[in-house]
Amino acid sequence: MNFYSCKTFASLSIFFIALQIQLPSCSDSLAKSVSSGNLTQHQPTLQRNRLCEIARSITVVILSADRKPLGSGFLIHKKPADNKQGFVYKVVTNGHVIPQGSSYEIKTADGAIYKARLIARFDEPKTGDDIGILQFLSKNDNYEIAKLAPGLALSAQKKDRVLAAGFPVTTGIPKPPEFVCTDTGEISLVIEKPMRRGYRIGYFLDIRKGMSGGPLLNLEGQVVGVNGKNSNPIAGGNILYTGKDGSLVREFRESRDLVIRSSWAIPIEAVVPLARSQGINIATLTTPRSEIEDQRPQQTATTSDPNIVPDNSSRPLASQEPISRLEELARQITVRVLIGDSQKSGVLIRRESEKKGQIYSVLTYERTLESNSYQIQTNDNQIYNAERSRRLVGTDGNRLVELEFFSNNNYQVASLGDSSSLIEEKEVFAAGYLWEPDLSRTRDKFKFTNGQIKVLGNAASGVRHLGLTSQIQEGMIGGPLLNSQGKIVGVNSRHNYINSGWSIDSDTNPEYQYSWAIPIEFYTKLNRNKAL
């Protein structure tokens, strides 16, 4: 809703009381002008006309080769062209907006039309996300790029509001599509698991044909989702509200009418990893530069080992990240490690340039010398053969293995922290992939859980260092353990036997009571000393 002055609010209240409509208090209105939900609270909310200006500057029309309007999209990235003759822009839209074809065109806010090329589409039947990415070349350096924020942080309970934009397709007499910016509307639902094609954010706004692929903005002017599914669809039936496993989503079974009355968007959290898988270096959130400088560490290196090169290309994390952002970071750096019929997890720790592409290093835990053959599956479902491996074996029995693979894709790598600074009761976060026979469903099996450190130092057997309350499961072994700054402080090495259904004589023995992780110092010291 638009925010009025207290005086105007008081006047309107008299009228609306007669209609038995309850208005928020003036203090509530002013509070909403400072913060919406639990998103970036340092930014004030904006008036609708300003939100529409932002939406117009980033929203484009997707055209066919013969210039028929197909739908909408928005600009997410810009970089200088390799030949220094302009700038390459990347555009996000819905997969269903771009039919199979050899060429497309994009019309920007200034009316210019550019030839566009399809980079990737991710809308495989049922399991894929309804997302496509296009690019075009322009000599114009002034096109605005969307600022992004987590969509899954929105809440219906907090009455968070959003605004949608795009170019509806007209019927009857053909005419150029005109930009439409809706009023603000409330979030209706943010569902637990995505519907087929990735939709998770429901909201009370009227999305018309042609607005698919356009941006969904929060009241700070940041894009939180991609519009794509309108309310009260004429055709499709219940299948429109099934999950990626084919079953009806829980929220539809419990609140069928509410789900149908809602329009739906794909959260930006799903878009970011897809874009990054195509080498587009974008971040989930924006932060004022002054705040970035305040948060920047004095030294970018996290270890004295010259062979360890943390990824410092992205914005440094704040001292205490929201869990949604930590989970997104963990998803980017965590991989699945395939060892024959066995599946474990691992973490991307290093990236180096080679003539035939980029070489990535993966660190994982090895219970025994399991295999000489490994494969790595990244968060975009790509599978790579490990070209080289080396084992790091400590005198206390701990084992890690470092794997390497080549790829032309740009993947984010972890920054290594200092686990020697950890204290008991400190909150930590474990990540990894649960076992799944269908490797195309890797993204659905990502697990992220928080817990506390309960044991520091060696356990009874002398081989486990960090005892955790985190619920690490079998497939998560080898995955990263992160601190609240998003730094890697350990590698998951064993799950909690008791909570995993094992029959243990003594439930009070910490060896069995907790999950365990190897501190990252084990790797840095062995790597530094070349103790293979």
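1. Ground rules. The model is predicted: local features need pLDDT of at least 70, side-chain atom pairs count only at pLDDT 80 or more, and totals for chains, interfaces and linings use all residues. Residues are numbered from 1 along each chain as its sequence is written, and side-chain values use heavy atoms, with hydrogens and water left out.

2. Strands here are DSSP runs of E, at least two residues each, numbered from the N terminus. Two strands pair if DSSP finds at least two bridges between them.

3. Strand 26. This strand covers residues 515–519. Five of its five residues are buried, so strand 26 is largely enclosed by the rest of the structure. Buried means under 20% relative accessible area; exposed means over 50%, and partly exposed lies in between (1.4 Å probe, protein chains only).

4. Partners of strand 26. Strand 23 (residues 466–468) joins strand 26 through three bridges, running antiparallel. There, L466 stands opposite A517. Strand 25 is joined to strand 26 by four bridges, again antiparallel. In that pair, R494 stands opposite W516.

5. Strands 24 and 25. Strand 24 spans residues 480–482 and strand 25 spans 488–494. Three bridges link them in the antiparallel sense. P480 has V491 of strand 25 as its bridge partner.

6. T242. Look in the loop between strand 12 (223–229) and helix 4 (250–254). Helices are DSSP runs of H or I, at least four residues. Is T242 buried or exposed? T242 is buried, at a relative accessible area of 8%. Its side chain reaches the backbone oxygen of I239 at 3.0 Å. Leaving aside neighbours within four places in sequence, T242 is in contact (heavy atoms within 4.5 Å) with M195, R196, S247, L248 and V249.

7. D129. This residue sits in the loop between strand 5 (113–121) and strand 6 (132–138). D129 counts as buried because its relative accessibility is 3%. Which side chain does D129 join in a polar contact? The partner is K244, at 2.9 Å. A polar contact is a pair of N or O atoms within 3.5 Å; within protein, one must be able to donate a hydrogen and the other to accept it, and residues adjacent in sequence count only if both atoms are side-chain atoms.
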